[in-house]
Amino acid sequence: MSASRPALGAAPDRPERVPLSAAQRALWLVGRIEGPSATYNAPLVLRLDGVPGREALRAALADVAERHEVLRTVYEAEGGQPYQRVLDAPTESLETVECTPADLEERVARFGRETFDLAARTPLRARLFLPGDGTCVLVLLVHHIATDGWSLAPLLRDLGEAYEARCAGRSPRWRPLPVQYADYALWQAELLADPSALLDHWKTALDGMPTRTALPADRPRPAEPSGRGATLTARLDAVAHRGLAALARTRRASLFMVARSALAAALSAAGAGTDLAIGTPVAGRPDQDLHELVGCFVNSLVLRADLSGDPAVGELVERVRDADLAAFDHQDLPFDLLVEHLSEDGGRTLGEHPFFQVMLTVQEAAGDAVRLGPLAGRATSTDLGAAKFDLSFHCAERREADGGTGGMDVYVQYSEDLFDASTARLLLEVYVRALGAFAASPDVRLGELGLLSREERQGIAERRTRLAAAAAATSGPAPEPAHGTAGLSPREEILCGLFAEVLGRDRVGPAENFFKAGGHSLLASKLVNRVRSVLGVEAGIRDLFLAPTPAALHRRLGSLAGPARPAPAPVPPERRPERVPLSYAQRRLWFTDQLEGPSATYNIALVRRLERPLDPAALAGALADVAARHEVLRTVYGAEGGEPYQEVLAGARPQLELARPADVTAAVDAAAGYRFDLGRELPFRAWLFLPEGDGPQTLVLLLHHIAADGWSTGPLLADLAAAYEARLAGGAPGWEPLPVQYADYALWQRALPTEREFGHWERALAGLPPLIDLPTERERPAEPSGRGAVTGFAVTPDTHRRLVRVAHAHGATLFMVVQAALVAALTRLGAGTDLAVGTAVAGRADEALSGLVGFFVNTLVLRTDTSGDPAFAELLGRVREADLAAYEHQDLPFDRLVEYLNPHRSAAHEALVQVVLQVDQAGPAAAGDAGPLAGEVLTYRAGSAKSDLTFALTENPHGGMSGVLEYATDLYGPSGARRLAELLVAALDLFAADPSLRIGDLSAPADRRPVARPLIGGYRVDPAHVAAVLSRHPAVTGARAEAVDGRLVAHAEGAVTEAELQAWAAERLPEYAVPSAVHLPAAAARPEPTAPDEGLTTAVLRLFAEVLENGRVTPDANFFKAGGHSLLAVRLVNRVRAELGRELTIREVFRHPTPAKLAALLAATSPAAAPAPALRRRTRAGARVGQ
């Protein structure tokens, strides 16, 4: 390879930032992974027979650092890329420590374990220990990033010469070094600009080699290794030493090759197999000009041994010789580069060395005598107690006085994470036996050497069995789910984007391993820096090694942020309260059901035209099995004192109806529109529509949202399919019990602390307008009908790709990009600059909930400030910051948030959010897409809308996005809804193409609403519309409305009273648009109706005060502004019914929220008659199965 090397020389023009050499880069990365550690310290301990002059020694050390730049270099980084910075002088100077002889060794060892901050301090420290007996110990502590074994000779020689010169009162007279270490680093970078030839050799040499050596460890490798190591020694006699030397000569090999062959045989005898990799260090100084230089040049070589076919000892030595010579010819490829290019998973399992886990070094006999001027001494080291490899064997030759072979000292350093001392001792003894056998029997086959006794073989086999069992028990979390971005948090999705950006890919899934996807050391550093800058969290490379997927890193970063909340746990039946509360999400739906009555608005229908017919009896049994497995599917919801509770029914079976409808489409629509009575029937039922003749069956599974959410459909279909197949075969499903039930979750949720979340949301939503001020085609009614429709739209693949790139470039999610485009479009429509958009989150942060059917989804309020006509990139930054904060506090249920913030309540619109956005990735096929439930998914006509506007976009597998806008038909018609969807698409196209454009660059239809729309109680009100509504009263001949001191006041003419006109308006206008006063001409006004009797008003006041627990309620006090919320409204209704004998609905409380108004309403109604008859289930046409 020498012919192709560039010439090495002093670089005439060094770049401002000199790169690290490959060996340094590997050590720098280890430092980033492990943090401060003594693992790569290289302490040189000089035990001298006298005490040197301190000033001369201090000056000599400075001379050595001046001569060798690497000893006064610090290692900084920018953007994940490390670089060298050579200082004018070292940051360290000689320290002197006086101690007792008894303390000496402990102090020396402690100094040898001190850690380096390579970015701030130079990598050489010197400390002189004076035990007071006339001797001393000088310790030169050098970090491996600046030295290696070869460097010790030039370092000691230069220090000795410099010390002699300084003792003589002069500076050392050295011949200048031809190059410095920085020159070598630049030369190596040029050498490796195209490493293809070197890589080709190693690709062939290592092809098919096992990923790891099967060592007989006592314990599985821990997720976070400690790095602790210990050392054992043994002795090989001189006779065996001579035999090994003779074997090396006869086979034209080196002693190292013979020693490596024996180690491979020993490991194979211990069960490691016949294809073994052993590592060894090589000097890495291919040029003469590097020989006198201090620095880290050492490289690691992977040396493969083939023991197949039970070769003879001599034959194995020849195989090893040939493999080693080929490896030495290609040693210029740095090991770290080999790992980056050829390791299947980037070689990045924390604590496991890539390619090889066993190291071997063989040291020729060398004296340890040293001199420092007139002082004599010997050079030693200290035990760092650190293990770089699983096993590291070292053979040190000894020589007799006449230079003859004197035996070998054999050492093994072992990882205490993996091995007990007894196991390490056995492996060392087996190696020594192998060395002896190789020396004595070069012609014997390996299988005949008998390196292990039968008891030892049995003991190793038992170790391996225990290791396998322990590894299975501690194998860690299950593989990441195959879920799409629909189940990801924004931080998780941002991490996916950052992984993709750094790896140069369009997408990276949440379960993809960074290193297996092509990541390596420097890319890992770059990724960690991006994570820090984008997410503002303290993450290290070690975190990436321990959690190499976006999903795992997301969880790890969350755990580093603080103590984790307790996980949901099953509550034994005897410890469950008699009345299990609803979850907060359920409670909101229950209240909506109480407010609006039974409705299909919150139905979830799964409709399939089946590929294969189902057996009705087996299906009925399977439905019962699923309900038995998931308690929430056999739960009804009662109430006591206005407080709802769950009642789990034992043995309840979901309804299955069979029918042969003439019109299947109409039958499906009717089934999907079924209205559940949550207090009396299970929230889960099914229809199986049978064909006339040979056509396909149609299956409808219907759930109420109080018992399920979108995520639930996966486990529901999987469990139903498994149960059906079991029932069809005449058995029962054999699934494992669920870790928790939904009732356990509801109880767990109640116990979670919420103070932190309340504080965040109070700050985040302070001053938020109660209603998004969108122009609508139709005026908002007093009460929404709940009716809705949908219109579709599409985003092109090109725009989709651009949107993803914008997200990655700005550290955002695709959802955030779409949200920014949506609020820009809404602002351009005239909705204002303070906008809240809602979105649903899965609410299943704990693994125990992932397979559970239930209603976990929560609504997040995402507030955006669009003021100042920002560029889209700036707007995206605002969205990103607000969204990340919101998702950090997503555990607070929306219902509790509304109760706590207590915003203005109106029966005319949802609290806090009226526009919803969802962006989902097309996930993998659902469990029901194969097996007995396989079939075509059918749509059905829902005809309802939960919000004013819901934009739902789904990424298509092959690019582009499909969108659906669900809109309230109270407010919009088809043409108006289409215009809204088209404007969003236009915004996405525009800003995807150029994120520097401003909101004002988006074309939008003009806002045709009147300019004069005063702000009344936080709402923009159109006085002209209010006047028009009043004018439609039969007795009114004219009307107008105006804002007076922040109140809406009307003026009307006609034979009508103020109360009649206010009642008329309340039936047709949202309550915030009802005039607080109506002025009528005195001559035209009719007398006001008689006010309610004082006793009724007093009774209502008392009920308000008791329910609100507020003794200062006035007749004009608003129930909700005084602290009332949905459940308290239910209690008020129940108290009115029970104590006043008057029928009252929750909706009427919303429309008449003061004691005076409610008393007036009650006065106009008659006392309640006898209680209504019990509601009974009506039988529909068709057979019922499984009751």
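How many nonpolar, polar and charged residues does the lining of the largest cavity have? By class, that lining has two nonpolar, four polar and two charged residues, where Ala, Val, Leu, Ile, Met, Phe, Trp, Tyr, Cys and Pro count as nonpolar, Asp, Glu, Lys and Arg as charged, and the others, Gly among them, as polar.

Before selecting anything, note that this is a predicted model, in which local features need pLDDT of at least 70 and side-chain atom pairs count only at pLDDT 80 or more, while totals for chains, interfaces and linings use all residues. Residues are numbered from 1 along each chain as its sequence is written, and side-chain values use heavy atoms, with hydrogens and water left out.

**Stop 1: the largest cavity**

Select Leu589, Thr592, Asp593, Glu596, Gly597, Ser599, Tyr602 and His704, which line the largest cavity. A cavity here is a set of points, on a 1 Å grid over the protein atoms alone, where a 1.4 Å probe fits but cannot get out, and lining residues have an atom within 4 Å of a point. The volume is about 60 Å³, taken as the space filled by probe spheres set on the points, with grid points joined across faces, edges and corners. Colour helix α17 (residues 584-596) next, since this helix gives the most to the lining, with four residues; helices (H or I, at least four residues) and strands (E, at least two) are DSSP runs, numbered from the N terminus. Over the whole structure, a search finds six cavities of 30 Å³ or more.

**Stop 2: salt bridges**

Side chains of opposite charge can pair when their charged atoms come close. The search of the whole structure finds 73 salt bridges, each being a side-chain nitrogen of Lys or Arg within 4 Å of a carboxyl oxygen of Asp or Glu.

Show the side chains of Arg844 and Asp709, which meet in a salt bridge at 2.9 Å, N to O. The pair links distant parts of the chain, 135 residues apart, with Arg844 in the loop between β23 (834-841) and β24 (858-865) and Asp709 in the loop between β21 (698-704) and α20 (713-728). Arg844 counts as buried at 10% relative accessibility, and Asp709 is buried too, with a relative accessible area of 3%; buried means under 20% relative accessible area, exposed over 50%, and partly exposed in between (1.4 Å probe, protein chains only).

Salt bridges that share partners also join Arg67, Arg157, Asp158 and Glu292 into one network. Within this group, centre the view on Asp158 and Arg157, whose side chains meet at 3.9 Å, N to O. Which of the two is buried, and which is partly exposed? Asp158 counts as buried at 1% relative accessibility, whereas Arg157, at 34%, counts as partly exposed.

**Stop 3: the nonpolar cores**

Now select Leu71, Tyr431, Phe438, Phe514, Phe951 and Leu953, which, of the 240 residues in the largest nonpolar core, touch the most other members. Such a core is a set of buried Ala, Val, Leu, Ile, Met, Phe, Trp, Tyr and Cys residues joined through side-chain atoms within 4.5 Å. Apart from this core lies another, of 95 residues, with Ala667, Val668, Leu1096 and Phe1104 among them.

Return to Phe438 and display its surroundings: leaving aside neighbours within four places in sequence, Phe438 is in contact with residues including Leu244, Leu247, Val258, Val313, Leu316, Leu446 and Leu449, contact meaning heavy atoms within 4.5 Å.

**Stop 4: two buried leucines**

Leu118 is placed in the loop between α3 (101-112) and β5 (124-130) and is buried, with a relative accessible area of 12%. Not counting residues up to four places away in sequence, Leu118 touches Val74, Tyr75, Pro123, His143 and Ile145.

Move on to Leu375 in strand β12 (residues 375-380), which counts as buried at 12% relative accessibility. With the same exclusion of residues up to four places away, Leu375 touches Leu48, Asp49, Gly50, Val51, Pro52 and Val370.

**Stop 5: helix α29**

Finish at helix α29 (residues 1058-1068), and pick out Leu1061, Trp1064, Ala1065 and Ala1066, which are buried. What do the buried residues of α29 pack against? They pack against α28 (1023-1031), β31 (1036-1044), β32 (1047-1054), β33 (1077-1079) and α32 (1146-1151).

Note on methods:
1 Å grid on protein atoms, 1.4 Å probe; cavity = no way out; pocket = protein on both sides within 12 Å on 5 of 7 lines; lining within 4 Å.
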